[in-house]
Structure formats: structure tokens, C-alpha cells
Amino acid sequence: MLLPVNATFAAVLAVLLAVAAAVVALARLRAPREIVTAGVRAAAQLAAVSLAIGWVVRSVPLLLAFLLLMYAVAVRTAGRRVTPNGTWWWAAVPIAAGVVPVVGALLLTGLVPPKGITLVPVAGILIGGALTATVLGGRRALDELGTRHGEVEAGLALGLPERDARLEVAREAAADALLPGLDQTRTVGLVTLPGAFVGMLLGGASPFQAGAVQLFVLVGLMAVQAVAVAAVLELVARGRLHRREGRPGGSRTLDGAEGE
């Protein structure tokens, strides 16, 4: 067993969580309770999933319900990270646009069998990647539009359509959301050995098989994240996903820039 689940395991986790919270507090990065809450939630959620996964993999309806739950949680998490107003639900579009075609292609080609024991982890990895890309792309695009709102107005004054004026300002910032995935793919095997590779080796697979699975995961993630970033950028450019306050007749955004 790689990690014995015992009192030592729990103590080390508690110390690591305390260190993370202390550093965040001392550096004034975020509220330390967010770190502690995230760690406790992760432990509770993983414990629940570990108990439920055995039931889920035996039933197609339960499997579909579990996948929908994963998707719904990802949409809620991503949407609320991007904006606090009622447009957060638009995060459902980039996550689905990235994940559904890739998972569908994998199932249709037979590379991933329609079994819970394989479909759940693959879908989870892809949904998680889409979530991260949507959050980073959406936040960076909206932040850039708030900071450089004058450039958007200048583009409008020159006759650009509103969508095009916003794209000119937000596109480069949103593209930064692809950097973590690109860097991980470029440096795999040289700097890092990601979880899929290590997990396959520990499960008894050959290094070649482990490498093939990891390559499959990384390339799939790049496709998912590219689609998610493109979709969230389009939503921001069209004004579907925004930070405007929902006051009747109000026109100020939450970042202080003037809106429509």
C-alpha cells in the first residue's frame, strides 16, 4: 500500500493543512479559513465518493446521475468564481462544450469503455480541467475588460461591433488560462510525473502503458481546455457572462467600470 490510512496519515495531513493556512494568513493571500474549509471538504467528499463509487459503477442510472452531479458542481463552482451575479450559470456552456464532445468521442471509438470504473475518473479529470480553464479564462477576461474599459469604448467609437471591441481587449488575457495545461504537457516526464502515470505504475502497468494513458489524458485535457476558454471568452464578449450589478437601470459593474 502506498499510503497507509492510519493515525500518522491523519496527523501529517493536519500538519500540512495547518502550514498552508498559516502561510496564507502570514502572507495575507486569502482568509486562512478558506484553506482549512477546502481541506476538510475534500476529506469529507472523498470519503463519501469512496463509499458511493462501488454502488455507482454497478448501475447505469446511478452512473449517469453521478456524472450529472459532477457536472453541476463544476458549473456552480466555476460560475461563482467568475461572477457573483445571476449570470454564473452560463459557466455550464464552456464546461459542456469542452467535455461532452471529448467524452463522446472516447466512448464511440471504444478507447474508454462505458463502465463506471473507467468513465468516472476520465470524466472527472476532463470536467476538472474544463472547470479550471473556465474560471481562469472568465476571470482574466472580465478583469481585463474592467481595467481597460476605455479601450473598449475607443473601439466602439471607431465603429467596431461591441463583441469585437471586447474580444480585442480580453482575448490575450483569457488565453493565459491555457498556460498551466500547456506547461504541464511540455514538461511531463522532465519536470513532473502526473498522477495518471504514477497511478498506472503503482497498479502494475508497464511504463509504456502508463505513458500512453498519461499522454491520452494530457492531450484530452488540452482539447477540453481550449474549447472551454474559447467558449467562455465568447460569452464574455457577447455580454452573457458579466459582473454588472442587477439593478433596474443600473449600469455600473462590480469592478467599477461603466457598463451598458
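This is a predicted model: local features need pLDDT of at least 70, side-chain atom pairs count only at pLDDT 80 or more; totals for chains, interfaces and linings use all residues.
Visitor: Which element gives the largest share of the largest nonpolar core?
Guide: That core has 47 residues, with Leu67, Ile95, Val99 and Leu126 touching the most other members. Two or more residues each come from α3 (60–82), α4 (92–109), α5 (116–147), α7 (162–175) and α10 (207–237); helices are DSSP runs of H or I, at least four residues, numbered from the N terminus. The largest share, 12 residues, is from α5.

Visitor: Which residues does Leu126 touch, leaving out those up to four places away in sequence?
Guide: Contact means heavy atoms within 4.5 Å. By that test Leu126 touches Val99, Val102, Val103, Leu106, Gly220, Leu221 and Val224.

Visitor: At what angle do α4 and α10 cross?
Guide: Axes are lines fitted to C-alpha atoms, for helices over the stretch in contact, and angles run from 0 to 180 degrees between N-to-C directions. Val99, Val102 and Leu106 are among the α4 residues in this contact, and Phe216, Val224 and Leu235 among those of α10. The axes come within 7 Å and cross at roughly 145°.

Visitor: Are α6 and α7 parallel, antiparallel, perpendicular or oblique?
Guide: The axes of α6 (residues 149–157) and α7 come within 9 Å and cross at roughly 140°. Under 35 degrees is roughly parallel, over 145 roughly antiparallel, 65 to 115 roughly perpendicular, and the rest oblique. So α6 is, relative to α7, oblique.

Visitor: Which α7 residues meet α6?
Guide: On the α6 side, the residues are Glu151, Val152, Gly155 and Leu156. Their partners in α7 are Glu162, Ala165, Arg166 and Val169.

Visitor: How far apart are the end C-alpha atoms of α10?
Guide: The expected span is 1.5 Å times one less than the number of residues. With 31 residues, α10 should span 45 Å, and the model agrees: its end C-alpha atoms are apart by 45 Å.

Visitor: Which residue just after α4 takes a positive phi?
Guide: α4 itself has 18 residues and reaches 25 Å, close to the 26 Å expected. Just after α4, a positive phi of about 85° is taken by Gly110.

How values were computed
Residues are numbered from 1 along each chain as its sequence is written. Side-chain values use heavy atoms; hydrogens and water are left out. A nonpolar core is a set of buried Ala, Val, Leu, Ile, Met, Phe, Trp, Tyr and Cys residues joined through side-chain atoms within 4.5 Å. Buried means under 20% relative accessible area, exposed over 50%, partly exposed in between (1.4 Å probe, protein chains only).
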